[in-house]
Amino acid sequence: MTERHLLSGPEPDPARDAGHTESPPRVGFFTDTSVCIGCKACEVACKEWNAIPEDGLSLTGMSYDNTQGLGASTWRHVAFIEQQTPPEAEGRTQLPLTQEKSAPGGGELRWLMSSDVCKHCTHAACLDVCPTGSLFRTEFGTVVVQEDICNGCGYCVPACPYGVIEQRPHDGRAFKCTMCYDRLGAGQEPACAKACPTESIQFGPLDELRERAALRVDQLHEAGVGSAHLYGHEPDDGVGGDGAFFLLLDKPEVYGLPPDPVVTTRDLPSMWKHAGAAALSLTAVIAASCALPALPALVRRAVTR
C-alpha cells in the first residue's frame, strides 16, 4: 500500500482531515458557462452580502468587463469573451444580434461568459503557507480567510495556482471568497448562486454536482456542442479537485484559467529533504576545510617524536 501524500493527490474528506470529526457532506459550486448571460447579478449579490468595497467601474476598452479579474474586492468576476464562432458551436452562447455580422477573420461572432470564483481547492496552498492560521478549512470543506487574524504577510498570494487571493492596497490583509460561510451555517446557499437567474451557478453537495455536471456535458455533446468539457472536477488533478468547478466551451486559457494547475506546496517535502542533504554536505565540506590546515603541523610533530 502506497503512502498517501498529504499535500497532493486524491483527498476524500478534507474537512475531516482538518479536524472536523462530524462534518456535513462537502459542498461547492458548479458553474455552467453555457447558460451564463453575463448579467453580473452574482457580482452584485456577492458585494452586497459580504459588504465588499467598490473596486472600480472603468471599462477596459477591450470588452464589457469592468472588474477584469478576481481580487481582494472582487470575489466573483464575470468574464466577457468575444470570439469567432467555431463551426460546431451552437445554442445560447451565440448572440442573435450578431448572427448576420461577420467576425474580423470571417464567420460569426459569439460571446463566452463565465462567472469565476475562488476554487476552494482540496489541497489549498494558501492555507498550507499561512503562518497565523488566518486561513482555515471549514466543516463544509471550503477555505476561508479570517481577516482579523491576517497579518498581511502575503505568503498566500503567490501560493495560489489560480491567482485568486489578493491583498487590499490600503489595508495589506488578504481577502477572497468565503462561499458565504455565514449563510452556510444558517442552512442557506451562497448569495451569488441565489441571485443567478439562469442557474449558471449551482450550489450543493460536491458529489451531486459532479454527477449533474457529467449529465450536462453529455446533453451538450448530444446537441452537437462537442467542445463542452468540465474543468476542475477531477479528484486526482494537480490540486486534488476543486470545490468550485466549471463547464467550459473552449480551452481554459480562453477564460483566463491555467490549463494544468498544480498546488504550489506539493513538492515541499522533497525540497526540504534536498535542502537538508545539501546543508549536511556543506557542513562536512566546511569541517574538512577547517581541519586541513592543521594536518601538516600534526604530521611534523609526529615525525620529530
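**Note on the predicted model**

1. Leu112 is buried, as its relative accessible area is 1%; buried means under 20%, exposed over 50% and partly exposed in between, with a 1.4 Å probe and protein chains only. The model is predicted: local features need pLDDT of at least 70, side-chain atom pairs count only at pLDDT 80 or more, and totals for chains, interfaces and linings use all residues. Residues are numbered from 1 along each chain as its sequence is written, and side-chain values use heavy atoms, with hydrogens and water left out.

2. Leu112 lies in strand 3, residues 109-117. Strands (E, at least two residues) and helices (H or I, at least four) are DSSP runs, numbered from the N terminus. Leaving aside neighbours within four places in sequence, Leu112 is in contact with Ala79, Phe80, Ile81, Gln83, Leu249, Asp250, Val254 and Tyr255; contact means heavy atoms within 4.5 Å. The C-alpha atoms of Leu112 and Asp250 are 8.6 Å apart, although 138 residues separate the two in sequence.

3. The chain has 9 helices and 10 strands. Of its 305 residues, 44% are buried. Among contacts between residues at least 6 apart in sequence, 65% join residues at least 24 apart.

4. Which order do the strands take in the open sheet of 4 strands? The order is 8-1-10-9, with mixed pairing; two strands pair if DSSP finds at least two bridges between them. Strand 8 (201-205) and strand 9 (229-231) stand at the edges with a single partner strand each, so one side of each has no neighbour in the sheet. From one strand to the next, the twist averages 25°.

5. Strand 9 and strand 10 (residues 244-248) run antiparallel and are joined by 3 bridges. His229 stands opposite Leu248 in strand 10. Helix 7 (residues 206-222) packs on the sheet and touches strand 1 (27-32), strand 8, strand 9 and strand 10. The direction of helix 7 makes about 135° with that of strand 8; axes are lines fitted to C-alpha atoms, for helices over the stretch in contact, and angles run from 0 to 180 degrees between N-to-C directions.

6. How many disulfides does a search of the whole structure find? The search finds 0, a disulfide being a pair of cysteine sulfur atoms within 2.5 Å. Cys196 is in no disulfide either, and the nearest cysteine sulfur, in Cys39, is 6.2 Å away. Cys156 is buried at a relative accessible area of 8%, and Cys196 is buried at 15%.
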